[in-house]
Amino acid sequence: MCPDINKLQRAFNPATVVVVGDKQQNHFMWLKALNDFKGKLYSVQIDPREIPEIEKLGFKNYLTLDDVPGPIDYVIVAVPRQISPRIVADCIRKDVAGVALFTSGFAETNTPEGIKLQETLKEMALKANLNLIGPNCMGLYNRKLGLKHSVTQPGGSPGDAGFISQSGTHATFLCEEGEVHGIKVAKSVSYGNAIVLDSVDFLELMALDSEIKVIGMYIEGVKEGRRFFRS
């Protein structure tokens, strides 16, 4: 798949972000991480036990993605794996610019169920030309906008480094540790299983970003070697 660059740039620089499936059991990790996000931030959650706590945190909750007003630039999906195709279908119907599947339990489990479900998501995304990141990933980070993976990641001031990582832990911690050593990461991505978007897609995108002067990478495999070296 050749990604829709304009949509991918929208996802990296979102005006509207939606978190689907954040839970109190996980301390509402995504909503809290995005508390300083400079755009519009919404929740989608159907569990009546979770909604009051989400609203106490100050976030508007909707029961479906279709109910969220206006265009959506970026969606973070944190639902059980068996529900993920339904959410991806909602994202396709809503014409979301980019989707990160934090949800895990796919081919990385080396189980027939996980592999089959991952193939289903891949087919759906490719058919719709959806910019799908992951699954099993932390997704996108944009320092200036407060688009973060955790409350401890730095935000606000500009940076000039980009970081592309298959590992979510490395993507998160490098932003934090880099700050200690004077390296300010402007944008990063954790792309996990890379069933649609892979390292080279993000490398080409960051190469076009005037804010980024240097790009670091942590990768566990390259699918398109020639394209990678051309980039």
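Predicted model: local features only at pLDDT ≥ 70, side-chain atom pairs only at ≥ 80, totals over all residues.
1. Lys187 lies in strand β9, which spans residues 185–190. With a relative accessible area of 4%, Lys187 is buried. Leaving aside residues up to four places away in sequence, Lys187 touches Phe12, Asn13, Tyr141, Asn142, Ala161, Gly162, Phe163, Met206, Asp209, Glu211 and Ile212.

2. Asp209 and Lys187 form a salt bridge, with their closest N and O atoms 2.8 Å apart. This pair links distant parts of the chain, 22 residues apart: Asp209 is in the loop between α7 and β10, and Lys187 is in strand β9. Both Asp209 and Lys187 are buried. Through shared partners, salt bridges join Lys144, Lys187, Asp209 and Glu211 into one network.

3. Within that group, Glu211 forms a salt bridge with Lys144, the closest N and O atoms being 3.7 Å apart. The two residues are 67 residues apart and link distant parts of the chain, Glu211 being in the loop between α7 and β10 (214–218) and Lys144 in the loop between β7 and β8. Glu211 is buried at 17% relative accessibility, whereas Lys144 is partly exposed at 38%.

4. The structure holds 12 salt bridges. One of them pairs the side chains of Glu179 and Arg143 at 3.0 Å, N to O. Here helix α6 (residues 168–180), which contains Glu179, is linked to the loop between β7 (139–142) and β8 (161–165), which contains Arg143; the two residues are 36 residues apart. Glu179 is partly exposed, at 31% relative accessibility, while Arg143 is buried, at 1%.

5. Helix α7 (residues 199–207) is mostly covered, with seven of its nine residues buried. Those buried are Ser199, Val200, Asp201, Phe202, Leu203, Leu205 and Met206. Met206 is also among the residues that Lys187 touches.

6. How many disulfides are counted? The count is zero. Cys91 is in no disulfide, the nearest cysteine sulfur being that of Cys137, 13 Å away. Cys175 is likewise in no disulfide, and its nearest cysteine sulfur, that of Cys137, is 14 Å away. Cys91 is buried at 1% relative accessibility, and Cys175 is buried with a relative accessible area of 1%.

Conventions
Residues numbered from 1 in each chain as written. Heavy atoms only, no water. Helix = DSSP H or I, 4+ residues; strand = E, 2+ residues; numbered from the N terminus. Buried < 20%, exposed > 50% of the residue type's maximum accessible area, 1.4 Å probe, protein only. Contact = heavy atoms within 4.5 Å. Disulfide = S-S within 2.5 Å. Salt bridge = Lys/Arg side-chain N within 4 Å of Asp/Glu carboxyl O.
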